[in-house]
Amino acid sequence: MDRRGFLKNAARVSILTGLGIMTGALLFRDKEKESCDYDFVCGNCKKLKSCKLQEAEKYKELNKAK
């Protein structure tokens with residue numbers, strides 16, 4: 001194997017390793033963590049009834065009397 005072939009193979013292995021790591025990170029990330037899509041505008045949110053975020057709980061508690 002010459003120098004050019006070695007560099008090509010090293011680049012391919014590096015790229016495939018990076019793709020594998022990124023794929024694994026996306027597949028095995030913590031999906032249980034809930035996040036807000038609307039930047040905490042709870043009054044207009046369609047997911048408010050099922051939302052478990054602390055800000056939504058506070059909003060529901062404050063607006064329960066209304």
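Colleague: How much space lies in the largest pocket?

Modeller: About 150 Å³. Keep in mind that this is a predicted model.

Colleague: How do you find empty space like that, in general?

Modeller: A probe the size of a water molecule is rolled over the atoms, and that shows where space is left empty.

Colleague: How many residues line the largest pocket, and which lie nearest its centre?

Modeller: The lining has 13 residues. Nearest the centre are Ser-35, Cys-36, Cys-45, Lys-47 and Cys-51.

Colleague: And how does the lining divide into nonpolar, polar and charged?

Modeller: Nine nonpolar residues, one polar and three charged.

Colleague: Switching topic. How many helices and strands are there?

Modeller: Two helices and zero strands. H1 covers residues 3-27, and H2 covers residues 54-62.

Colleague: What share of the protein is buried?

Modeller: Of the 66 residues, 11% are buried. The cut-off for buried is under 20% relative accessible area.

Colleague: Which residues form a nonpolar patch on the surface?

Modeller: Met-1, Phe-6 and Leu-7. Together they have about 400 Å² of accessible area.

Colleague: Where does Phe-6 lie?

Modeller: In helix H1.

Colleague: Now charges. How many salt bridges does the structure hold?

Modeller: One. The side chains of Glu-57 and Lys-60 meet in it, at 3.6 Å from N to O.

Colleague: How far apart are Glu-57 and Lys-60 along helix H2?

Modeller: Three residues, so about one helical turn separates Glu-57 from Lys-60.

Colleague: What is the relative accessible area of Glu-57, and what is the relative accessibility of Lys-60?

Modeller: Glu-57 has a relative accessible area of 38%, so it is partly exposed. Lys-60 is at 26%, so Lys-60 also counts as partly exposed.

Colleague: What about Tyr-59? Where is its place?

Modeller: Tyr-59 is in helix H2 as well. Its relative accessible area is 31%, which means partly exposed.

Colleague: How far is Tyr-59 from Cys-42, in sequence and in space?

Modeller: They are 17 residues apart in sequence. In space, the C-alpha atoms of Tyr-59 and Cys-42 are 6.8 Å apart.

Colleague: Great, that covers my list.

Conventions:
Residues are numbered from 1 along each chain as its sequence is written. This is a predicted model: local features need pLDDT of at least 70, side-chain atom pairs count only at pLDDT 80 or more; totals for chains, interfaces and linings use all residues. Side-chain values use heavy atoms; hydrogens and water are left out. Patches are made of residues with over 30% relative accessible area and no salt bridge: like charges are joined within 9 Å, nonpolar side chains (Val, Leu, Ile, Met, Phe, Trp, Tyr) within 5 Å. Accessible areas come from the Shrake-Rupley method with a 1.4 Å probe; for residues, only the protein chains shown count as cover. A salt bridge is a side-chain nitrogen of Lys or Arg within 4 Å of a carboxyl oxygen of Asp or Glu. Helices (H or I, at least four residues) and strands (E, at least two) are DSSP runs, numbered from the N terminus. On a 1 Å grid over the protein atoms alone, a cavity is a set of points where a 1.4 Å probe fits but cannot get out, and a pocket is an open set with protein on both sides within 12 Å along at least five of seven lines; lining residues have an atom within 4 Å of a point. Grid points are joined across faces, edges and corners, and a volume is the space filled by probe spheres set on the points. Ala, Val, Leu, Ile, Met, Phe, Trp, Tyr, Cys and Pro count as nonpolar, Asp, Glu, Lys and Arg as charged, and the others, Gly among them, as polar. Buried means under 20% relative accessible area, exposed over 50%, partly exposed in between (1.4 Å probe, protein chains only).
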